[in-house]
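Open the model in your viewer and keep the selection tool at hand.

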Amino acid sequence: MITLRPGAERGSFNYGWLDTRHTFSFGRYHDPAHEGFRALRVINEDRVAPAKGFPPHAHQDMEIITYVLAGALEHKDSLGSGQVLHPNEVQRMTAGRGIMHSEFNPSATEPVHLYQIWILPERDGLEPSYEQKPFPLESRQGRLALLGSPNAADGSVTIHQDVRLYAAALRAGQHVAHTLGPGRHAWVQAMRGQGQLNTQPLHAGDGTAVSDERQLTLGTDAGAEFLLFDLA
């Protein structure tokens, strides 16, 4: 079963410095029908104005993945980590038993467009940690590239949960396939362009919850970029 979560129906707020879309309930947006899916708790699509950002704030017991589509995002945290995240990189922060961090657009002229994803961890009270790795476009062009996994397989970032995160960038006419193991589920998020998951059309911003399916095929006639979460 493939259930569409239309991008146009997400929670939407524009604060001037931040234009944000919430796939699941988050902050001021509450929708009992969309509280998360499996271990996925938050999928936010954010556009942050130049020289603006999120001031230092606390998190606890959450795996936080950040994926930049355009622009750059500067990260600082209470562990002493400080890096600028660009497209073709992935950031993972384990909030664990508690961490303070800030995220800021360092450009004076260009906005930053990003996805931030929260995943419930395998257990509470983990040691807080931070990780950032490059994933060149060529690694996911026409194929599903593993970005995150519980055991850091294939150079992916470590996610402290039974979740495997893939990304694919497809040109017109390209298709990729993924097989779900017994009892596994998936979430597919369309980030750019338009395409389809099996027979379900997808446009940028759309998401799909997948259960009781084994074979998944992502394709496009016009070019598209997708995230795929393989979930317990």
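Buried means under 20% relative accessible area, exposed over 50%, and partly exposed in between, with a 1.4 Å probe and protein chains only. This is a predicted model: local features need pLDDT of at least 70, side-chain atom pairs count only at pLDDT 80 or more, and totals for chains, interfaces and linings use all residues. Residues are numbered from 1 along each chain as its sequence is written, and side-chain values use heavy atoms, with hydrogens and water left out.

**Stop 1: an aromatic cluster**

Select Phe24, Phe37 and Trp187, which ring pairs link into a cluster. Rings of Phe, Tyr and Trp (its six-membered ring) pair if their centres lie within 6.5 Å; planes under 30 degrees apart count as stacked, over 60 as edge-to-face and the rest as tilted. Phe37 has 15% relative accessibility and so counts as buried. Trp187, at 3%, is buried, and Phe24, at 2% relative accessible area, is buried too. The rings of Phe37 and Trp187 have centres 5.8 Å apart and planes at 50°, so this pair is tilted. Phe37 is in the loop between β3 and β4 and Trp187 is in strand β17, so the pair ties together parts 150 residues apart in sequence. Strands (E, at least two residues) are DSSP runs, numbered from the N terminus.

**Stop 2: strand β11**

Now select residues 112–119. Is this strand enclosed or open? Eight of the eight residues of β11 are buried, so the strand is largely enclosed by the rest of the structure. Val112, Leu114, Gln116 and Trp118 point one way, while His113, Tyr115, Ile117 and Ile119 point the other way. In a regular strand the side chains alternate between the two faces of the sheet.

Strand β4 (residues 40–48) runs antiparallel to β11, joined by eight bridges. Strand β6 (residues 63–70) is also antiparallel to β11, with seven bridges. His113 is the bridge partner of Arg47 and of Ala70.

**Stop 3: the largest nonpolar core**

A nonpolar core is a set of buried Ala, Val, Leu, Ile, Met, Phe, Trp, Tyr and Cys residues joined through side-chain atoms within 4.5 Å. Select Leu40, Ile117, Trp187, Leu227 and Phe229: of the 25 residues in the largest core, these touch the most other members. A second, separate core of 18 residues includes Ala168, Leu197, Leu202 and Phe226.

Definitions and conventions: Helices (H or I, at least four residues) and strands (E, at least two) are DSSP runs, numbered from the N terminus. Two strands pair if DSSP finds at least two bridges between them.
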